[in-house]
Every structure is written in structure tokens, then in C-alpha cells.
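Subject: Structure handover

Hello,

Here is the structure I promised to pass on. Please open it next to this note and follow along.

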Amino acid sequence: MNTEKKSVKTFFKVPHVFALMFIIVLVAAVLTYIIPAGEFDRVEDPLSGRMVVQEGSFHDVQKAPVSILEIPSLIIKGLNESSGIILFIFVVGGSFRIITSTGAFDAIIGSITTKLGKREILIIPLLLTLFSIFGATVGMSIEALGLVPLVVALARSLKYDALTGMAIVLVGVFCGFIAGLMNPFTVGVAQQIAGLPIYSGMWLRAVLLVVLLVVASIYIIRYAKLVKLDPAKSLVFELEQNAKGEGSDFVQSSKFHIKHFLVILIFISGIGTLIWGVSTRGWYIEQMAALFLAMGILSGLFARFGSTRIAEEFVEGAKAVTLGALIVGIARAIPVVLEEGNIIDSLVYGLSNIIMFMPDSIKVISIYIVQNVINFFINSGSGQAAVTMPIMIPLGDLVGITRQTTVLSFHLGDGFTNLIFPTGSTMMAYLATTGISYEKWVKFIWPLVLIFIIIGGVFVVFAHMIHY
């Protein structure tokens, strides 16, 4: 009897994330046989300077079904197209290993926890708010990856877990990114295409940001308290046990040495340079990776590490994120298959036609829901705006939905599911850095994503009611 129960349990076990990704890629390949191939004509938008689809230009093209024999090569293509992010993950993992091995963060974390005392739980809403500001203003998401190991270390020192630390950073930046007060990648692009004043209508997005932060804070605090009360309740309990076994937990020491001060100074200067580069110079993966590499090497030198020690620590840090880095590339193979099969535009066209058949009273919520679905296939915010806004804006005009409300429906539909869809490279990169499995993350985050989606729907309907 016990053997039978055990076999049933094994049968229903969630597959390895590589297997899960391959299954999704396989489904995408099957869709290329079922969904008719088609595409929109694209023209340069005079306001945004981006290539956008021409409304009403959809036409059939030659069918290009993806054979199962092509899947291995398309997975390699996905890895190649994600090479920049994969390299960034390796560099951040290696560089941060050098920085943390200096002991500088042991000292600062010990000092912070001592000063917070019984108010330590306040660190969660404070950091969520801080990260949301970066997401709301400069559209920071992948750029905050380098801070994840630090916040994970802080969370562990407070007797929480790695999941809590990662959630603080990822949910924090995405609360700001989704609300999009001045997000140049979603709101900025979409409003330009819609012919609206840039960053207009900010008051409603500010209210939304506050609501998201309150809900996120309550959700994460509840989980963190549960873990602190009983560490076995942690969704990543095995990961935490392994971290302790490897001696990677941080010693809470408030004693600073000159070398610690210099390392912290390098780190703060590096983060300041990162914000400056992203916001004023358009830095992305290559420049950020170079900055983190320099931060790691300089930290090792100021800690009086020899060249061999610096190299060894870097390699160990890079090894720790190998699995997750590869997952990012394999996840990229999903949209690659859809693009090769010429069905990305067909999916968008078909979904927009569904909206047309909806009653006018629910068209606004239909646009919002459709944007959530499209985000699985087109994960880039600016890319999704270029494809969907030229279609959704005339549709909204036709049924009396203001352009501001259509833009709101877009950037909320684009945002929330970034926290759970495996095609989201930012989320997968964060998982890679922390060693948290996708399965564990989904188990943690899905209730919050569902709550966020409902909140987004309420705001979209409210915006329509007040002719936002």
C-alpha cells in the first residue's frame, strides 16, 4: 500500500525546470502547425521613433511550422540571443562572491540588525519602497540583479530565507516598474505611440503604486514571520540548510576594519555609477557587467586578496549560478519558436478580434486581460507596446475608451505576469542568482500575482468610469 502511494506521488512530481521549459517549447512548436501564419506591416512611428505595426495591415504569410527536429537548434538560438543576460548573471555571481568573501557585508549586516532590534521587520517595507522608486523612475528591473545577493544575506541574517530576500528586490522593482510613474520602457513608449503628453496621468499611477506596496509588504512580511517562527516552513528550507552547511551564512559582526570600509565605499560608488549610467547614458547589459566586474576585482584588491584568491572566488560564484543562467536561455527559446513559425502577430491579431466581439461594457477589461496573455509571448515592455498599442488605441477610440485608459491597461497587463511567466528573463535571472527553483518561486508568488491582477482590473475599470 505504501509502495503504491509512493509511486503515485513520484508520478505527479513536478518535472525538472529544464524538462518543463522543453515541454513549453514543444507546445509552442505544435502551435505553429495549428495557428495560421501571418504578420503586420511595420512603419516608423514619428513620435517614438520605433517600428510599430500598421493598424489594419495584418495579412497571411507562408506557413512555417517548426519541426521537432528543429527544436534543439532553436534552443541554442535562444541561448545565443540571451547571451548578454547569461554573461551578466555569471559576472554578477562571480563578482559578488568576491565582494561578500571580504567580510564587509557581514559587518554592515550585523550593525543594521543590531540597530533595528525589535523593529527589524520594517526593513521589508522600507526596501520594497526604495526598490520601487528605481523601477518607477528609470524602469530598473534586471539592473537590480547585483543587489539580490546582498538583500538575501540581509534576510538570512534576520532569520528569514533567500526567498524573502529575492522577493524584496524583485517585487519591489516590479511594483515601481508596473505602476510606471515615469517608466520610459512601458508608459513612456506607449504614451508616445498614443499621442499623449509623456508621463501624463501620473496621479492615478501614484495611487496604484502605494496600493501595490502596501499589499506586497503585508504579503512578504506574513511569509517572513512564518519562516522566522518555524524555519521548516520555508519553501526553500533545503536551500537554506545547504547554505548553512557550506558556511555561506553571514556572521553578525558589527566590527569594521578599514578594508571593510573601502569595500563598502566601492560598492556604494558602483551602485551610484550604475544608476547614473542607466538613467543618463542608456547603459545596459554590457556596461553593467563591466561595472560589476570592476567592483569585484577592486573589492578583492582592497581586501588584500591575491590574484589567485580573487580568481577562485569569482569562479565559485559563477559556478553557483550556472543552472539558472542556462534556464534564462532555454526560456528564450519559447518566443523564438513562435517567431520562426510566423505566429506571434497571428496571436496578437486573433486576441484583438476576440475583444471586438465583446460587449462594449467589458471591452476595457478585455483589453487588460488580453495584454496579460500577450505578455507570455512578447515579454519586452517596449516591444509589446510597439506591437499592441497601434491596434488597441483605435479599438479603444471606437468604443469610447480613453487613450490614457488603454495605455494603463497595456502597462498593467504587461507587468504583473512578469513575476511568474517563465518567459520573463528578469525573473529567471533573479532565480539563477539565488539558486531558488522556478517551482518553489511559483508556489510562493502565485497568490500575490493573482491579487495584483485583480487590483489592476479594479484600477482599469475605475479609470474607464472616470474617463481617465
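First, a term: a salt bridge is a side-chain nitrogen of Lys or Arg within 4 Å of a carboxyl oxygen of Asp or Glu.

Some background on the model. This is a predicted model, in which local features need pLDDT of at least 70 and side-chain atom pairs count only at pLDDT 80 or more, while totals for chains, interfaces and linings use all residues. Residues are numbered from 1 along each chain as its sequence is written, and side-chain values use heavy atoms, with hydrogens and water left out.

Salt bridges

The count comes to ten salt bridges. One of them joins Glu81 and Arg332, with the closest N and O atoms 2.7 Å apart. This pair links distant parts of the chain, 251 residues apart. Glu81 sits in helix H3 (residues 71–81) and Arg332 in helix H15 (residues 322–340). Helices here are DSSP runs (H or I, at least four residues), numbered from the N terminus.

Arg332 also meets the side chain of Glu339 in a salt bridge, at 3.6 Å from N to O. Together, Glu81, Arg332 and Glu339 are linked in a network of salt bridges.

How covered are these residues? For that, buried means under 20% relative accessible area, exposed means over 50%, and partly exposed is in between (1.4 Å probe, protein chains only). Glu81 is partly exposed, at 38% relative accessibility. Arg332 is partly exposed at 26%. Glu339 is partly exposed as well, at 40%.

Another salt bridge joins the side chains of Asp397 and Arg403, at 2.7 Å from N to O. Asp397 is partly exposed at 38% relative accessibility. Arg403 has a relative accessible area of 33%, so it counts as partly exposed.

The nonpolar core

Next, the inside. A nonpolar core is a set of buried Ala, Val, Leu, Ile, Met, Phe, Trp, Tyr and Cys residues joined through side-chain atoms within 4.5 Å. The largest one has 155 residues. Ile124, Val171, Trp441, Phe444 and Phe452 touch the most other members. Helix H8 (residues 162–179) gives the largest share of this core, 14 residues.

Take Phe452. Contact means heavy atoms within 4.5 Å. Leaving aside neighbours within four places in sequence, Phe452 is in contact with Val171, Cys175, Leu212, Val215, Ala216, Tyr368, Phe416 and Leu419.

In soluble globular proteins, nonpolar side chains tend to be buried together.

A nonpolar surface patch

Some nonpolar residues are on the outside. Phe22, Leu26, Val30, Tyr33, Ile34, Ile68 and Leu69 form a nonpolar patch on the surface. Together they have about 720 Å² of accessible area. Patches are made of residues with over 30% relative accessible area and no salt bridge; like charges are joined within 9 Å, and nonpolar side chains (Val, Leu, Ile, Met, Phe, Trp, Tyr) within 5 Å. The areas come from the Shrake-Rupley method with a 1.4 Å probe, and for residues only the protein chains shown count as cover.

Val30, one of the patch residues, lies in helix H2 (residues 17–34). Val30 has a relative accessible area of 44%, so it is partly exposed.

Two buried polar residues

Thr388 is in helix H18 (residues 381–399). Thr388 is buried, with a relative accessible area of 0%. Its side chain makes a polar contact of 3.3 Å with that of Gln371. A polar contact is a pair of N or O atoms within 3.5 Å; within protein, one must be able to donate a hydrogen and the other to accept it, and residues adjacent in sequence count only if both atoms are side-chain atoms. Not counting residues up to four places away in sequence, Thr388 touches Val348, Gln371, Ile374 and Phe410.

Ser234 is in the loop between helix H10 (202–229) and helix H11 (237–245). Ser234 is buried, at 8% relative accessible area.

Backbone points

Most residues other than glycine have a negative phi, and most peptide bonds are trans. Arg304 has a positive phi of about 65 degrees although it is not a glycine. Arg304 is in the loop between H13 and helix H14 (307–320). It is exposed, at 68%. His467, also not a glycine, has a positive phi of about 55 degrees. His467 lies in the segment after helix H21 (438–465) and is exposed, at 58%.

Best regards
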